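Welcome! Here is a short tour of the structure shown below, taken one topic at a time.

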2 protein chains.
Amino acid sequence: MKISNRVQNMSLSPIRKLVPYADAAKAQGKKVYHLNIGQPDIETPTQFMDAIREYDAKIIAYGNSKGEPKLIKAIQKYYAEKGMNYDLADIYITNGGSEALILTVMTLCDPEDEIMVFEPFYANYNSFAKEFGAKMNPVPTSVENGYHLPSKEEIVAHITPNTRCILLTNPGNPTGVVYTPEEQDMLVEICNEHDIVLIADEVYREFVYDGAYRSFGTIPEIADHLVIVDSVSKRYSACGARIGCVICKNKDFNGGIMKACQTRLCVPAVEQIGAAALYETPTSYLDDVNKEYKKRRDTIAAALAKLPGVKASDPKGAFYVMVSLPVDDAEKFAIWMLTEFDINGETTMFAPGNGFYSTPGMGVNECRMAYVLKSEDLEKAIYILGEGLKKYPGYTLK
Amino acid sequence: MKISNRVQNMSLSPIRKLVPYADAAKAQGKKVYHLNIGQPDIETPTQFMDAIREYDAKIIAYGNSKGEPKLIKAIQKYYAEKGMNYDLADIYITNGGSEALILTVMTLCDPEDEIMVFEPFYANYNSFAKEFGAKMNPVPTSVENGYHLPSKEEIVAHITPNTRCILLTNPGNPTGVVYTPEEQDMLVEICNEHDIVLIADEVYREFVYDGAYRSFGTIPEIADHLVIVDSVSKRYSACGARIGCVICKNKDFNGGIMKACQTRLCVPAVEQIGAAALYETPTSYLDDVNKEYKKRRDTIAAALAKLPGVKASDPKGAFYVMVSLPVDDAEKFAIWMLTEFDINGETTMFAPGNGFYSTPGMGVNECRMAYVLKSEDLEKAIYILGEGLKKYPGYTLK
């Protein structure tokens, strides 16, 4: 059967493609430390299932295409408490942050339109572009300057007549970079001067470790060119709920995304009930989680610093670190770690880095690690990685 | 802000676009009989919420991109009991039948590829094609021959080198047609002879009133060219759960749709737990529901037959009837019924018919009605419709 060129050209997710190797390792009795996927081990607030257990609708009926009013109001309140005032009409509930991005790209980009990204970026951005025939327009950043943005001139030089939007994650996945107010102001200027839409994926907003966080939603100058993507997945450790949202004040965009929302009728009813309750979680929950991740960040940074030839980003937010490894090919190394190596029956899994680039040949010896495990597990996982490096046939420091 | 041409060209759903008029009518205290949307008034089996209430995961975590094994096994068993044997690897869980169709079109069609449909068809098929730049290739059918298929020659004459698939709903939405075994065999021949994929949307499979139902999944000759789309929405009156699936034996297709599934990571965890339990619902539930809909079918058919100038399809399955009205424009009439007309504070809402066609100008005086209300409500709704017709300024029998 002939499959569309679009899907043929899609890569399997670098975060998930090695799962069959991990499953095989586990079937042989190996323990695998999963640094490949941003699946926190933090418990979901009990409010989620408590609200769902109390839900007593006799008919699980279709809902509004733009989401349940109760959840939309809860999100409006959460934003208002952060000084961002949105109308109920500005908020669209989606099947996770992923669908929020899919519907946003659908609404903005025709085939051949370009999405500007700062490389490396969240791997599935490649798929969202391919889905709609849009092109990635990657602007390089590097570990040497902490994955911060290049100059305005350099960014503007990448803009073409087809550049429709800039898509970024802040705090960053996979790098953990948090953009400075100066960088944010520069992006606001660029978007306004070139009529480009800024899609700000801010799902890691609550995970910032070394200072305050400034949402693009608090910058009035960008309001008419800004689409915020958000999700309960990471914030409340509810990745499986698949509840996200798109927030925008621009009426043209909102009219468009409403049509996009209608193509899939509505978002699951029960999970929306749970998600609305999550927004009632006391802020102390988020404070505690933040402290825990900061500790983990410090742990993994210190553990990685001990390994010769390993260069890691210095994450200020989110829970990922981008790491350059002294190996020929990080994907081969990842497979080797799962199939050929263990210490006392334990091994470490991570996501190969090349999937976080769209420029061919980039990221081959890099990987992304999610520090979503307890500190003692992280220490063990990185120790195992270090021992594996030394034994790996493609180790380049030999 | 410039919205993509794709979304600009999408129509609002004919099933949902008049909801603001209905909301305004209700705000004025009017009662609206909703024949516009296939939202059954039947209670969801209690198994759904019972299973969810017992779910005690501490972390609502990411699941497999292809769905929860428990749900996949439940679906495999349901099909096996109907004589259709699928491997677990052949079944992909989706966010409702809508996403099942979206991911299927994404996997099969590049821009300019054609999707053959039998007109009238389920309105959102237009959007699924537009989403990916595919073209609709409509083959007309008509109320005069009960919306059955034209001859093989006529269908084959519509095939072009770009025809990638035939997309149909059987039993039919919006017509209620159930294809005969001869029609099915003809489609199987056409697909095999022309290397065309048959996408069989069989979500109404359990709603057949005048004889047996034959799934395309029971025809071995089509197995390698067949994609079945299914859903719990209508079968178990759980439209808001948004749990559907794609079933296919072709390995190329399965490799492709797995990539499509990974773009949105996974389907909500909690609703999958409930859906797995739905498949354990005793068949007596489906038998009772079937009897109830048959009664409603007979009720609405008899009520419509009394109205002069009204021509209705003779539905053998699903719970829709396509109706030709003696009016200038069914959409104008629908709005007029909501804004200008009532009998003792009650009025009737239905879906304008033109949205169920892709050929411009077709269906202007038609509408789709969903007989998802109790028989006494249906009788009242059609009575109100008949009285409205006579008063409507665009009534053509005057």
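## Where the chains meet

Between chain B and chain A there are two salt bridges, each a side-chain nitrogen of Lys or Arg within 4 Å of a carboxyl oxygen of Asp or Glu. In one salt bridge, the side chain of Lys2(B) meets that of Asp110(A) at 3.8 Å, N to O.

This is a predicted model, where local features need pLDDT of at least 70 and side-chain atom pairs count only at pLDDT 80 or more, while totals for chains, interfaces and linings use all residues. Residues are numbered from 1 along each chain as its sequence is written, chains are lettered from A in the order in which they are written, and side-chain values use heavy atoms, with hydrogens and water left out.

Contact (heavy atoms within 4.5 Å) joins 77 residues of chain B to 77 residues of chain A. About 6400 Å² is buried between the two chains, 56% of it from carbon and sulfur atoms; buried area is the accessible area (1.4 Å probe) lost on being put together, summed over both parts. Met1(B), Arg16(B) and Tyr62(B) supply 13% of the area that chain B buries against chain A, more than any other three residues.

## How the copies are related
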